[in-house]
Structure formats: C-alpha cells, structure tokens
Amino acid sequence: MLKLTEWQETLLYHPVVPCGPVPTVCDGEGIYPYESFCETAERPVLRKFRMMAIENDWMKVTVCPDLGGKIHSIFLKASSKEILFDAGAVRPVRILPRMAFISGGIEVSFPIAHTPVQVEVVHAEARQIGDRLYIWCGEREVRYGMHWTVEYSLGEHDRYLTQRATFVNKTSEAHSWMSWSNAALPARADSQFHFPAGRVLRHADILEEIEWSRERGYTLSDFDRMQGFFWKSTDCNAFGMYTPSLSSGLYHIADPAETPGIKLWLYGLGKHEDWAHSTAIRRESYVEIQAGPLLEQADNNMLQPGARHMHTEFWIPSAEPLEIREFELPAPQLIPIEEVPLFDLVPRSGTAPWLVLAAAYASRDASALAAPPAAEDCVWPPPFMEQLGEALLWAAETGCAGACDGAGAGEGAGAGAGTGADADAGSGGAIASAAGGEREQLWRYYYAVWLAGRGLLDEAIAALAAVELDCGYALLGRLLRVCRRDYAGSRAAYASIRSAAWSLHPQLFFERDVTLAQFGAGALEEREHWFAQVDSLQDDALVERRASFLLDRGGVAEAKTILDRHAFGKVHQRYDRSQLWQRVAAVTGELAGGASEEVLARLGEDDLAVYGAYRVSEQKQE
C-alpha cells in the first residue's frame with residue numbers, strides 16, 4: 001500500500017529576535033543576505049506548519065516544507081516507534097550560520113553547513129510515479145542563486161527511504177558549496193554507535209586523529225563531552241546508531257564514490273548535555289549521524305556555471321540492531337535526474353521587493369516602481385542578481401517620479417514627520433520633495449549593500465559616501481573597521497548617526513564600541529557616555545561589551561562581577577566572552593591554566609577547538 005497525504009500541523013514555536021538592521025555582509029556571525037538572530041523567546045507560540053507524508057506498509061515518512069524541507073518524522077509501523085529525535089517544539093538556538101539551528105528530524109544543508117533556510121518555507125511538490133511516491137523540496141537560494149532540490153522517495157516494498165539531492169548552478173560564476181545530511185536520534189546511555197573501522201578526525205577541545213576500532217563496541221556512556229568525528233578511511237560504506245532501551249535505530253548507506261562523508265556528533269553524558277536540552281522542551285539529549293558528498297566539514301567544492309551535482313543516500317530505520325558490513329547498496333528505479341523539479345525563488349518578504357524592482361527596470365516602467373524597503377525591515381538585495389545594481393541606480397535616478405506623492409519610506413517617513421511642526425500648511429510640496437530625497441538615498445544605500453554583498457567592498461565604501469542616512473553610516477562604520485581597519489573613519493561614521501534609536505540599538509552599540517575600543521584611553525569617556533544610556537538593559541551583547549569596557553578602564557573586579565553573574569545564552573564556536581574572562585584571570589591570577597567547565601557554562605561558550613566552516617565570512621565563501 002502506498003499513501004500520500006498532506007495537512008497542517010500545529011507545533012509549539014519559539015519566536016526569534018533579529019540581531020539588527022545592519023546587513024550581515026562582513027559579519028562573522030551571519031551569512032549575507034540572510035537575517036541573523038540573537039535571541040529566542042522562552043515562551044512558545046502556537047503555529048501551523050505544512051506537512052507532507054509518504055508511506056508504505058513498513059514506514060511513514062513526514063516532511064516539513066515550512067522548516068527548510070527537512071524530514072520531520074520516520075515512523076516504523078511494525079514496532080510503532082518514532083525513529084528520529086522529537087524536540088517537542090521548534091526552538092532555535094545559537095548555531096551558525098543564522099544563529100537559528102533547530103534539532104530533530106533530518107536536515108539537508110546547502111550551500112553551507114546547517115542550511116540557512118532551516119526556519120524558512122521552501123517549495124514542495126509530491127506525487128506518485130509508477131509504484132513510487134516522491135516528495136521534492138527546494139528553492140533557488142538567495143546568496144549565490146544556485147538551485148537545490150532534495151528528493152525523498154518510497155517504493156511499495158521498500159524498507160529504506162531514498163534521499164537524492166541535486167544542486168544546479170545556472171549563474172555565470174562558479175560558487176563554493178558543501179552539503180551534509182544530519183539525522184538527529186534520541187540519545188540514551190546505552191545508545192550504540194555502529195560505524196566503520198578506520199582513521200577518524202576527532203573534533204573536541206583538540207583536533208586529533210584516532211583509530212575507530214572494529215572490535216570495540218562504542219556506546220554513548222563512553223563519552224563525557226561534546227565532540228564530533230569525521231571518518232577519513234573506512235572498511236565499509238554504512239553506519240548507524242541503535243538504542244536497545246528504545247528498541248529503535250537508524251542506519252545509512254550510500255555509494256562512497258558519491259557520498260563518502262561520514263560524521264558522528266554527540267554531546268556525551270554529563271557536563272555538555274545542557275547544550276542539547278536547550279533545543280527542546282524537555283531535558284533529553286540527542287545524537288547526530290551525518291553523511292555528505294565531502295569528507296570533512298572544513299571542505300568545500302566549486303560548482304561551475306551550468307554544472308549539476310547529484311548524490312543519493314539511503315536511510316534504514318530498524319527496531320533491532322543491524323550489521324553494517326552486511327548491507328547491500330539499494331538500487332531503486334528512480335526518475336531521471338533531469339526530471340527532478342528545480343524551483344525558483346521562494347516569494348518571501350526578503351525577495352519580493354527586489355523581484356518587483358527587477359521587473360520594473362526590465363520594462364523601464366517607473367510607475368511600477370514601489371517604494372524601497374525600510375532600512376529597519378532587514379530586507380537586503382540578493383547578490384546573485386547581477387543586473388540589480390543597474391536597477392538600483394535606475395530606481396535612485398527615476399523612482400521619485402513615480403513615488404513622491406505619499407509619505408516617505410523607511411527613515412524618510414520619520415524625517416519628514418519630524419519637520420511638520422515647523423512647517424506651514426503650504427509645505428506639502430517640500431515634504432514630498434524631502435520624502436523623494438529619502439527614497440533616492442535609500443536606493444543608493446541598497447546599491448552599496450548589493451556591492452558589498454558581491455564582495456566589491458571598496459566600491460561599496462565609495463558608494464556609501466553619497467548616502468546620508470543612519471543605515472548608511474552604520475554599514476560604513478562596519479566596512480571601514482572590518483575591511484580597511486580604518487578605525488578613525490569607522491568612528492566618524494558612527495558619530496554621524498542622528499537617530500537615538502539607531503545609536504542605542506544593541507547591534508549598533510556593540511559594533512561602535514568595538515571600534516572605540518581601538519582608541520584605548522582616548523575613547524573611554526565617549527564609551528562611558530554611551531554605556532550610561534543603556535545601563536538597565538541586560539542584552540548579552542551589551543553586557544559583554546560593558547565587561548570589556550570596565551576591563552579597559554581598569555575595573556577588573558567590576559568586569560569579573562559582570563562575567564560571574566550574568567546568565568549568558570549559549571552560542572557554539574564563539575569565544576569572545578572566554579577571552580574576556582582570560583583577560584580578567586591574567587590580572588587576578590585565577591585559573592591560569594584556562595577557563596573551567598563551570599566558567600564556560602556560565603559564559604555560554606563551548607570549549608571546542610576552532611575548526612571547519614562553522615564560522616562564515618564573506619571572504620571564506622567567495
């Protein structure tokens with residue numbers, strides 16, 4: 001029996017708070033043009049999610065297109081067991097690239113580790129072809145403009161799920177990419193790891209190569225900390241995990257010529273389990289078993305213009321332990337890869353304005369030109385749209401003709417309204433003119449953002465010189481500091497910001513303080529002025545910078561008190577707070593050998609060695 005169903009399912013969802021209005025270009029904790037998040041609500045809301053399921057007599061596989069197209073559930077009918085980890089809610093936590101990682105199910109990432117659309121809606125189709133059910137999920141991603149589709153399929157008698165991914169580059173440039181399939185499974189002390197023997201790169205507080213023994217039986221109880229393992233050599237091409245106390249497990253097999261990557265990630269028992277608990281609504285840990293077309297997470301490939309990549313893998317749920325060296329590679333009859341649908345851009349709020357602009361420019365129809373997005377909306381132009389630069393300049397030059405009959409957009413609206421008290425009743429034309437000027441400035445601002453997103457940083461800085469808006473000064477301050485190490489210029493740019501709201505926004509505050517710290521004693525008074533205006537806020541970023549400021553001023557005891565008492569949120573592979581604590585310890589003589597587990601837990605930072613593509617920058621991605 002084959003069955004295909006679709007429905008809306010209500011889940012608990014923890015809303016996330018955007019980091020701020022400065023585009024994520026040249027942001028080490030983001031990936032342009034996606035918005036990053038800095039905080040997750042403790043109280044969830046109820047939200048409906050689109051679900052699609054394919055099933056046969058053996059299993060039911062549920063996919064959620066509203067969560068990046070991930071597999072939400074694999075239910076084994078004979079044992080009535082849910083195989084995958086169920087977090088009980090959609091609760092994003094601080095893991096790059098967008099600081100919005102959600103655990104549970106099976107995630108397929110592209111073009112970097114942990115898909116940027118993990119908490120976004122993607123396209124989806126489903127249908128039966130012959131004796132096989134298919135679900136396809138995908139989109140055209142907005143960083144590079146490459147198409148990706150993941151295909152899940154199930155035959156009538158299959159006891160495995162077939163997963164096939166295809167990536168297509170229809171742009172005129174080569175782009176870097178990586179991809180991992182990440183299955184989360186419920187973890188217990190007796191969870192058994194059935195992985196190949198061979199050389200393994202172990203990523204913990206150190207990076208080292210070890211031998212994974214065929215004779216030894218590995219269980220979760222053997223590990224007391226978070227760590228990852230990448231297989232560099234293997235004696236078979238299958239792996240998996242089985243938990244006797246749950247009578248459930250999941251195995252994976254693929255052709256090593258297509259999908260050689262094998263990874264195991266775990267939190268272990270004890271001190272690091274809280275990291276897993278933070279993604280769920282109950283105190284339950286999980287393990288990730290992963291596969292991919294590349295050997296390590298530090299690896300990237302280039303997809304050339306016009307090229308297509310494809311790889312296939314198989315997931316095998318089981319109610320009993322299996323012998324991985326007895327697996328045979330399945331050979332289902334799938335539709336030709338050329339018939340797998342490729343999807344276009346998802347019509348999200350972040351893409352809609354630029355599609356409208358591109359269409360208006362193509363027809364040179366100024367009347368079809370809408371107002372630019374407000375800078376506060378965090379809607380930034382996709383860098384892959386190669387003609388968008390011309391369109392943005394065209395909009396700046398001609399847009400006022402079709403859009404000056406109403407209030408200004410974005411910051412312009414606020415500026416126009418602010419002058420109304422001093423204007424007489426006949427000042428409507430002046431207000432409209434001011435609004436039009438603001439629109440022109442916003443278009444030029446987005447042109448600079450687009451340039452920066454394409455890696456044309458010098459050109460972006462030059463373009464921002466003609467933008468007299470707070471959003472432009474804010475981005476200029478970052479680019480001058482990060483790209484040119486021009487701290488004086490960065491300081492001047494931040495000083496040009498007129499709006500108190502922009503000046504005191506935690507994202508702007510943080511970046512300005514990083515710039516001011518470069519001036520040592522010469523900026524302490526200015527920094528103190530700013531901190532006095534936000535001394536009631538307990539935002540993690542502000543608290544972190546306040547501790548840094550106090551330390552720079554010689555207030556070691558005060559800085560130590562802040563670091564000891566503030567409940568920082570957890571964030572993977574970020575060590576700024578640990579470095580602050582080390583500075584304090586260097587003065588006080590505390591724990592000269594390094595931060596203790598207790599200290600790290602309080603600071604919300606892990607002790608993993610820096611490795612791989614966890615941290616994303618514009619330079620690394622190009």
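Buried means under 20% relative accessible area, exposed means over 50%, and partly exposed lies in between, with a 1.4 Å probe and protein chains only. The model is predicted, so local features need pLDDT of at least 70 and side-chain atom pairs pLDDT 80 or more, while totals for chains, interfaces and linings use all residues. Residues are numbered from 1 along each chain as its sequence is written, and side-chain values use heavy atoms, leaving out hydrogens and water.

**Stop 1: Phe509 and Phe531**

Select Phe509. At 1% relative accessibility, Phe509 counts as buried. Rings of Phe, Tyr and Trp (its six-membered ring) pair if their centres lie within 6.5 Å; planes under 30 degrees apart are stacked, over 60 edge-to-face, and the rest tilted. Here the centres are 5.0 Å apart and the planes stand at 65°, so the pair is edge-to-face. Phe509 lies in helix 10 and Phe531 in helix 11 (residues 524-532), so the pair ties together parts 22 residues apart in sequence. Helices (H or I, at least four residues) and strands (E, at least two) are DSSP runs, numbered from the N terminus.

**Stop 2: Tyr267 and Tyr286**

The ring-pair rule gives a count of 25 aromatic pairs. One of them is Tyr267 with Tyr286, edge-to-face at 5.3 Å centre to centre and 75° between the planes. Tyr267 sits in the loop between strand 22 (261-266) and helix 1 (273-277), and Tyr286 in strand 23 (residues 286-292), so the pair ties together parts 19 residues apart in sequence. Buried or exposed, Tyr286? Tyr286 is buried, at 0% relative accessibility. Tyr267 is buried at 3%.

**Stop 3: a ring cluster**

Select Phe193, Phe195, Trp212, Tyr218, Phe223, Phe229, Trp231 and Phe239. Ring pairs link these residues into a cluster.

**Stop 4: charges over rings**

A charge sits over a ring if NZ of Lys or CZ of Arg is within 6 Å of the ring centre and within 35 degrees of the ring normal. Show Arg159: its charged end sits over the ring of Trp58, 3.8 Å from the centre. Then show Arg545, with its charged end over the ring of Phe510, 5.7 Å from the centre.

**Stop 5: helix 7 on helix 10**

Select residues 470-484 (helix 7) and 506-517 (helix 10). These helices pack at about 35°, with axes 10 Å apart. Axes are lines fitted to C-alpha atoms, for helices over the stretch in contact, and angles run from 0 to 180 degrees between N-to-C directions. Contact (heavy atoms within 4.5 Å) involves Ala474, Arg478 and Arg481 of helix 7 and Gln507, Leu508, Glu511, Val514 and Thr515 of helix 10.
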